[in-house]
Amino acid sequence: MSLLIKHGTIVTAVDQYVGDVFVEGEKVSTIGTALDIPADRVIDAAGKYLFPGGIDVHTHLDMPFGGTNSADDFESGTIAAAHGGTTSIVDFAIQFRGQTLHDAWETWMKKAEGKAAIDYGFHMIMTEVNDRIELEMDALVRQGITSFKLFMAYPGVFMLDDASIFKALMRTGRNGGTICMHAENGGVIDVLTKKALSEGKTAPKYHALTRPARAEAEATHRAIALAEIADVPIYIVHLSAAEALEMVTEARDRGVPAFAETCPQYLFLSYDNYEEPGFEGAKYVMSPPLRPKDTQDRLWRGLAFNDLQAISTDHCPFCMKEQKTLGEHDFSKIPNGAPGIETRMSLVYDGGVRTGRISLNRFVELTSTSPAKIFGLFPRKGTIAPGSDADIVVFDPEKRVRLSVTTLHMNVDYNPYEGREVVGAAETVISRGKVVVDGGQFVGRAGAGSFLKRSTRM
Ligand SMILES: [Zn+2]
């Protein structure tokens, strides 16, 4: 199977030029101008951008949380991702206490196999660190699971103490893995939550009011300090608060290898959404919570100046009906998370590139190249170059789309951006040489995605 994409504007993290891309099998074979090579299919991409396929390094498909499961499984979630121009995800496998990391990995492989329509890798969430787990970390790194997520929040469920976190960080200094951190001070949040509930404050907005920005900043600072002592890099997931960004910026200014991602919800939504009438605020219950509106500009600046290196989604959808309602009378029982796997590329293009906040190259870097580099997928993924996987998005920069639950493909009964109009959308999406979305229609296959064995950090 071969594919010739003609006259597109090829955009990578560093280039922008009009050219043709010839794809043979699963790889990009040749790039040039006026390529005249016979192909099984020719796509005319005149006036369109060719981006490397989006890479979303923070998704939670088919994930158990608070007695229910995130509403997208690996089939619906990856099909929605493909529609939005994302061709690789790194999801999270969870090791529950007493379980081996290997068992956790197998459990999540079973969830994905035969279902994922695009390529997928896993970070490993660890809920305990001991001698046996440390040895298992080494084995997992060799098998292509090269990053581990730890929590400083959710006491009694996921939270680790500083000693455990420090031990895991030290271990990555030996095995080349990377620690990803959920940085919020879980103890403080737990006390504030219990206090709010005892005062009869049960509405969704108290989810945000019991998770102060300073609790995120404190944990971010502590996580980076622990990594600095262990002399290893660290990656902060879903950074939401300006106060936390200051901690990352301060560390990076001193030359400390601290990396962080943010997510579209923190760039386009704000605390004000929790004030929507009735139980509507539950749509936005996620951790960390949405922050005051003026935070958005600070995060955009962080993205533009490389204090933030990636935009992922933290896609973790729960339906309003029967899922979010678990917390109708107690905000602490509202499943944490929101949908976003499908809308990331369009939102960031429209709100970032079109407004002039970030350049086109920076857009590609934040949504594909930089996550590929940080998580051991580059140069197989994250660029358009001979020898790289042919993961390519033909992106129409003029297409107007009204985001709505009625037209999006995520398996959830609401959309946090309902009614928002964006300009710029994926038109044709190619995953390892195969067209999976053709003029907006999914033409791929559940199960076509393969497990991404990732390398250690460079
Ligand atoms: Zn998450």
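**Reading a zinc site, a histidine and a helix**

Mentor: In sequence, the residues that donate to the zinc ion follow the spacing H-x1-H-x253-D, where donors are N, O and S atoms within 2.8 Å of the metal (3.2 Å for Na, K and Ca), and since water is not among the atoms, sites may look incomplete. This is a predicted model, in which local features need pLDDT of at least 70 and side-chain atom pairs count only at pLDDT 80 or more, while totals for chains, interfaces and linings use all residues. Residues are numbered from 1 along each chain as its sequence is written, and side-chain values use heavy atoms, with hydrogens and water left out.

Trainee: Which residues coordinate the zinc ion, and through which atoms?

Mentor: The zinc ion is held by H58 (NE2), H60 (NE2) and D314 (OD), at 2.0 to 2.2 Å. Both H58 and H60 are buried, a term for under 20% relative accessible area, with exposed over 50% and partly exposed in between (1.4 Å probe, protein chains only).

Trainee: Is H182 buried or exposed, and with which side chain does the side chain of H182 make a polar contact?

Mentor: A polar contact is a pair of N or O atoms within 3.5 Å; within protein, one must be able to donate a hydrogen and the other to accept it, and residues adjacent in sequence count only if both atoms are side-chain atoms. H182 is buried, with a relative accessible area of 2%, and its side chain makes such a contact with the side chain of H238 (3.1 Å).

Trainee: How many residues of α12 are buried?

Mentor: In α12, 12 of the 15 residues are buried, including L360, F363 and I374. Helices (H or I, at least four residues) and strands (E, at least two) are DSSP runs, numbered from the N terminus.
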